[in-house]
Amino acid sequence: MARPTSALGIDRGDVRRARTLARQVGKPIVDLAQRHTTVSVERATLRLAGLGGADPDGTPWVNRLADVVRADVGLEHGVSLPVWDALLRGEGDDLLTLAQKAAAGSVTFRVPEGKDAKRASAAARKAVGAGIKQVDRQRVARERMIAKVGDAPSKPWIYLIVATGDIHEDIPQAQAAAREGADVIAVIRSTGQSLLDFVPEGATREGFAGTYATQENFRLMRAALDETSRELGRYVRLTNYASGLCMPEIAALAGLERLDMMLNDSMYGILFRDINPIRTFVDQRFSRQVHARAGIIINTGEDNYLTTADAIEAAHTVTTSQLLNEYFAKEAGLEDWQLGLGHAFEIDPEVPDSFRLELAHAMLARELFPDAPLKWMPPTRHMTGDIFKGYLLDGFFNLVGAMTGQGILLVGMMTEAVVTPWISDRDLALQNVRYVMNAAGNLREDFHPSPDGFIASRAREVLGEAIGLLEDIKADRSVPGEPPLLSAIADGTFGLMKRPADKGRGLDGVAENAPDYYNPATEILDGDQR
Amino acid sequence: MSLIRPYGDTTGDGMVQLSFTLPIEHSKVAEGAAAQLANKMGMDPALVVHAKPMGEGFTFFVVYGRVNHLVDPSTVEVVERDYPLLTPKEANAAIKRSMRRRLVVVGGCIGTDAHTVGIDAILNIKGFAGEKGLEYYRELKVVNLGAQVSVPQLVEAAREEKADAVLVSQVVTQRDAHLLNTREMSAAFREAYPAAKRPLLVVGGPRFDETMAGELGVDRVFSRGTTPGEVASYIVHRITQPKEKAS
């Protein structure tokens with residue numbers, strides 16, 4: 001029976017059922033994540049303790065140190081006990097000296113026991129705690145700055161991308177985009193960074209179709225946008241990508257340098273980058289815990305499903321992924337306001353009723369996640385060189401955004417798939433958004449789809465299919481002893497890719513925790529949630 | 001074929017539209033400058049129908065006008081692609097039809113080049129330029145060896161996987177290392193395989209010249225901006241069609 005509280009005639013029981021299934025599917029993955037660590041989680045821990053910089057070849061000191069520790073005692077105890085034990089034994093005055101000596105081969109690490117272990121864990125907790133305090137200070141700094149200069153004036157937040165490859169070129173472009181109306185600036189990463197098992201160092205001026213995510217680039221861009229925020233009287237948010245093999249480290253750097261939003265999806269790396277599933281889930285949980293603490297809004301990547309599969313046939317995979325992303329996010333301590341769950345306007349415009357279908361899918365997301373900001377992504381697949389048609393399509397995309405109260409709207413460019421946006425493309429795109437928001441921003445008040453009409457029926461159908469898919473995943477036992485979600489990913493349930501748990505990039509950087517595993521960052525961050 | 005000129009709403013009116021941005025504050029002078037540019041491009045009369053300030057120190061213009069140029073289609077030269085562009089569906093169907101098994105592609109970056117950008121753009125499902133990578137093709141079995149693969153490793157992997165095609169990417173190179181590496185690679189394959197059994201050798205990267213295939217001993221060179229669909233189409237065409245004489 002339809003209840004009056006649902007504009008789409010969705011049964012509350014179905015919504016509860018969907019969430020219960022997401023929890024049942026997700027819980028064994030969380031257990032798995034808690035039983036493992038990765039090289040990147042350990043390096044992120046060292047970064048939180050203040051170890052930065054790189055050797056003359058550009059290999060970060062966190063990599064050099066973690067590699068030596070691992071070679072000496074393995075990864076399964078975590079690096080914290082061996083590292084702080086070595087510091088307490090006087091092997092180095094600080095982390096940097098220790099890393100340099102370790103790289104030169106003049107330190108041997110051990111796993112301390114008894115009293116030594118206690119002392120090492122206390123010292124590690126103190127050092128890592130200082131980094132987490134810095135993350136806390138940045139969160140307070142953001143809140144203060146928003147209180148002082150003001151927030152983005154209205155929703156949705158206008159999200160624009162810069163991507164020149166050169167941070168010093170990105171900065172004026174980002175500042176110009178903010179002056180033109182962007183509330184959120186995203187710096188696209190260099191192609192391929194997600195597959196690097198280290199975070200490059202310093203200010204970078206060469207990238208491929210994007211700019212490397214580095215701590216220094218984060219710092220430079222945030223400082224520039226702070227200046228522009230004060231100038232404009234509204235806080236301009238900065239976005240980057242916590243994804244790929246270094247997800248936890250980039251999350252830590254984002255927290256330390258006060259980034260405001262991070263792309264962070266639970267399965268994107270597995271499906272689209274062939275990163276090992278266990279590596280991804282372990283890294284993801286840690287990175288989300290850091291994001292939760294830092295007050296960072298995550299953006300999930302469901303739009304990607306629709307760029308590979310048909311946007312109508314695969315609509316329910318978006319809903320399913322949103323439910324899983326929500327479960328994993330909340331388990332890691334993120335709150336509703338931090339969940340920029342993704343979805344996209346990617347239905348073929350030649351399909352009859354394509355706009356009504358888009359509206360149905362977007363309304364479903366809005367209704368399932370009423371308190372999440374939602375990230376609405378523009379058409380890309382059906383954008384051609386016909387910029388005039390593309391401009392119209394972007395207008396309809398904006399209209400769905402206005403009618404469904406999206407929190408974050410990535411501005412579509414009519415020159416998508418033609419050129420990287422010109423100054424005029426960006427201005428025209430923003431005019432398009434402003435016109436639609438001004439003309440139809442309040443249409444939501446009047447627009448109530450008929451409960452037995454096309455839109456409401458389609459929304460219920462998609463939810464039903466999502467529940468069906470979650471049930472199938474829950475029942476998947478094709479790899480005995482493995483969490484059903486891992487089996488489902490191995491079968492190719494999502495996207496079209498089969499990604500078995502014992503394959504993929506970064507698997508050699510995963511270890512099952514020993515009984516004496518210790519990680520002060522996880523301890524502090526887990527403590528937040530208990 | 002006869003000479004033609006652009007068509008607005010009357011035969012022979014020569015009307016075109018144009019939009020551009022000039023780095024100048026909006027003013028009467030700016031509009032005059034826009035008209036001047038249009039005149040220099042051969043538009044006369046040129047009508048600046050829209051001028052709008054964009055950001056600080058920039059103005060966007062839309063200009064309509066008449067051009068007096070004529071074009072002669074009979075003198076147009078086009079370089080025809082020597083293989084048809086296939087959609088993933090068509091490529092899959094072609095493989096199924098003619099091979100009755102999956103087509104095996106082995107790829108990697110050889111030499112010291114650690115930049116997998118190129119090979120990943122072509123092979124990863126994520127793809128490039130709005131096209132999905134070769135992993136997306138159901139009938140292609142893709143083995144991506146990643147970066148810093150030695151030539152012997154590549155040959156070994158090609159044998160082990162029974163590769164039909166080998167893709168090599170070279171992005172960052174110094175002193176023509178990409179050319180040396182490619183020659184070393186093609187020589188190694190010629191040595192390891194009888195001529196008729198050798199897999200198709202394809203190299204790509206921004207520094208390559210597409211006309212150098214013969215000189216480098218490979219079947220095809222792809223340059224900057226090549227999309228996964230083009231690579232897939234080429235491979236499928238060459239492997240599923242009877243061999244043509246090298247041009």
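The following questions and answers concern a predicted model. Residues are numbered from 1 along each chain as its sequence is written, and chains are lettered from A, and ligands numbered from 1, in the order in which they are written. Local features need pLDDT of at least 70 and side-chain atom pairs count only at pLDDT 80 or more, whereas totals for chains, interfaces and linings use all residues.

Q: What radius of gyration does chain A have?
A: The radius is taken over C-alpha atoms, and the globule rule is 2.2 Å times the number of residues to the power 0.38. For 530 residues, a compact globule would have a value near 24 Å; chain A agrees with this, at 23 Å.

Q: What percentage of the residues in chain A is buried?
A: A residue is buried if 20 or more other C-beta atoms, placed from the backbone, lie within 10 Å of its own. Of the 530 residues in chain A, the buried share is 58%.

Q: Which residue is the bridge partner of His50(B) in strand 3 of chain B?
A: Strands are DSSP runs of E, at least two residues long, numbered from the N terminus. Strand 2 (residues 43-53) and strand 3 (residues 59-67) of chain B run antiparallel and are joined by 8 bridges. In strand 3 of chain B, His50(B) is partnered by Val62(B).

Q: How many residues of chain A are in contact with chain B?
A: Contact requires C-beta atoms, placed from the backbone, within 7 Å. Chain B contributes 18 residues to these contacts, and the number for chain A is 18.

Key: Buried ≥ 20, exposed ≤ 12 C-beta atoms within 10 Å, placed from the backbone. Pairing = 2+ DSSP bridges. Helix = DSSP H or I, 4+ residues; strand = E, 2+ residues; numbered from the N terminus. Contact = placed C-beta atoms within 7 Å.
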